[in-house]
Amino acid sequence: MRDQILSSFEEPFASALKIIEETVESAVSDLARMVAIDTSFPPGDGYPAFAALMSGLLEPMGFHCREVTVPEELWRVSNGPAQGPRVNLIAERSGSKPICGLYYHVDTVPAAPAWQQDPLCLRREGQRLFGLGAADMKGTIAATLLALRAADACGVELAYDPMLLLCTDEEGGLYPGIRYLAEQGMLKGHIVNFNGSAAPRIWAGCFGVFNLQITIRGHAVHAGEGNRTGSGINAIDGALPLLNALHALKPQVAAFASALPAPPHASGPLRPQLSIAAINGGTSGGQVPAELKILVSRRYAPEESYETARAEIEELVRTVMAKSPELRVEIDLVGHLIPTSDPDGPHWPRWQKALSLGFGYQDSDFSKWGAASCSDFGYVQQTGAMQEVLLGGLGRPESCIHSADEHTTTTDIVALAQSILAYLARDFETGLIPEHAPSK
């Protein structure tokens with residue numbers, strides 16, 4: 001049945017769809033090279049090496065690549081987790097067609113402790129491809145290269161000139177790369193954001209999130225002196241009341257129900273979240289710990305005020321820690337993504353058709369929903385560069401994204417590549433190309 005569907009298209013488009021299936025091993029090879037470069041955030045110091053790798057892959061395909069580095073004063077936080085230059089890569093091919101931006105964030109989360117093998121070495125088990133960032137979202141870059149090579153090999157005429165946007169700091173940074181590109185007026189046309197799932201989803205938007213780093217400082221001495229009056233001040237002990245207070249705030253935060261449509265698999269409405277995401281402090285059993293860093297992550301609904309949500313946490317910290325005046329406390333904003341509002345627009349119907357071709361969906365399979373997960377495209381909308389943002393990707397509930405054994409499959413890479421090829425191709429669903437519509 002699948003072969004009949006592919007063969008029903010005219011040449012050279014039909015041949016390119018088949019070549020994607022026949023040459024998927026090239027995408028596996030590309031993905032292995034991407035996974036091998038550690039771009040985890042924090043700290044995000046692998047961005048220059050990743051940009052160099054991608055330039056080496058894209059320039060032989062006729063792309064002109066340029067690096068755009070986010071100025072340090074925009075993302076640097078004293079004692080914050082980010083390190084190294086924030087190097088974004090824009091890859092374009094000269095042409096006269098409308099531009100379609102293809103967006104990817106190149107950072108991953110750090111590898112979870114439960115990985116049983118090297119997360120930076122792609123491991124294959126049948127169709128499954130295991131590696132840090134395989135699904136979120138380096139596999140989507142490999143799928144794009146697979147699609148573009150097939151189009152070039154078969155001479156498929158494109159409706160759009162692709163513009164690849166390989167961006168930094170989506171996974172919690174203070175100043176995501178796509179924000180800087182939008183503010184500098186570097187975005188063109190419309191954009192497909194591949195930070196999504198392989199589900200038949202029409203994106204309704206998403207929550208925002210901010211991360212506060214709370215630093216508590218005491219005084220270090222030899223642990224054997226810790227019981228002596230006027231000696232060490234244990235920062236970890238001093239933080240316990242604050243940790244309890246933050247934990248008590250969690251259900252209060254989650255009491256609010258957002259009107260943003262929940263995913264079909266959700267058990268109820270989307271709700272805000274507060275989590276203690278990381279704790280780091282102490283050095284050894286022989287020393288009273290002088291410093292503790294607590295990372296608090298707050299996901300907030302589009303209906304909520306960021307300023308109010310942040311002030312609530314900061315006021316709680318000041319109130320609780322005022323009872324321990326011997327401790328010094330600092331609060332730093334180290335990451336922030338604002339909500340993305342409904343990104344609907346004229347290109348969505350054709351993108352939906354392209355996803356149906358690649359993944360085998362029917363129109364009736366699609367539904368519109370949002371998520372408590374977050375995106376850096378709220379900043380793009382905020383600049384006025386564009387409101388419409390298409391969404392796709394490789395994520396599935398079983399993909400273990402952000403956890404050990406993250407993986408994608410060769411089947412999904414082929415499906416996404418065929419979807420991308422269809423969307424870019426001139427001869428696919430021509431009547432749904434907004435740029436071809438007669439002007440009124």
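Where is Pro42 found? Pro42 lies in the loop between helix H3 (24-35) and H4; helices (H or I, at least four residues) and strands (E, at least two) are DSSP runs numbered from the N terminus. The model is predicted, so local features need pLDDT of at least 70 and side-chain atom pairs count only at pLDDT 80 or more, while totals for chains, interfaces and linings use all residues. Residues are numbered from 1 along each chain as its sequence is written, and side-chain values use heavy atoms, with hydrogens and water left out.

**Backbone**

The peptide bond from Phe41 to Pro42 is cis, with omega near -5°. A cis peptide bond also joins Asp136 and Met137, with omega about -5°. Met137 is placed in helix H6. His402 is not a glycine, yet has a positive phi of about 70°. This residue, His402, is found in the loop between strand E13 (390-395) and strand E14 (407-409).

**Helix pairs**

Axes are lines fitted to C-alpha atoms, for helices over the stretch in contact, and angles run from 0 to 180 degrees between N-to-C directions.

| Pair | Axes come within | Crossing angle |
|---|---|---|
| H4 (residues 47-58) and H6 (residues 134-154) | 12 Å | roughly 15° |
| H2 (residues 13-22) and H12 (residues 410-424) | 9 Å | roughly 155° |
| H2 and H6 | 9 Å | roughly 135° |

That makes H2 oblique to H6. Angles under 35 degrees count as roughly parallel, over 145 as roughly antiparallel, 65 to 115 as roughly perpendicular and the rest as oblique. H2 passes H6 in a right-handed crossing; a crossing is right-handed if the near helix is turned clockwise from the far one by less than a right angle, and left-handed if anticlockwise. Ser15, Ala16, Ile19 and Ile20 of H2 make the contact with Leu146, Ala147, Ala150 and Cys154 of H6, where contact means heavy atoms within 4.5 Å. The residues of this contact divide into seven nonpolar, one polar and no charged. Ala, Val, Leu, Ile, Met, Phe, Trp, Tyr, Cys and Pro count as nonpolar, Asp, Glu, Lys and Arg as charged, and the others, Gly among them, as polar.

H2 and H12 are roughly antiparallel to each other, and their crossing is right-handed. On the H2 side, Phe13, Ala16, Leu17, Ile20 and Glu21 meet Val414, Ala417, Gln418, Leu421 and Ala422 in H12. This contact of H2 with H12 comprises eight nonpolar residues, one polar and one charged.

H4 and H6 are roughly parallel to each other, with a right-handed crossing. Here Phe50, Met54, Leu57 and Leu58 in H4 meet Lys138, Ile141, Leu145 and Arg149 in H6. The contact of H4 with H6 has six nonpolar residues, no polar and two charged.

**Cavities**

The structure holds three cavities of 30 Å³ or more. On a 1 Å grid over the protein atoms alone, a cavity is a set of points where a 1.4 Å probe fits but cannot get out, and lining residues have an atom within 4 Å of a point. Grid points are joined across faces, edges and corners, and a volume is the space filled by probe spheres set on the points. The largest cavity has a volume of about 40 Å³. Its lining consists of Trp75, Arg76, Val77, Gly80, Pro81, Ala82 and Val334, which divide into five nonpolar, one polar and one charged.

Note on methods:
1 Å grid on protein atoms, 1.4 Å probe; cavity = no way out; pocket = protein on both sides within 12 Å on 5 of 7 lines; lining within 4 Å.
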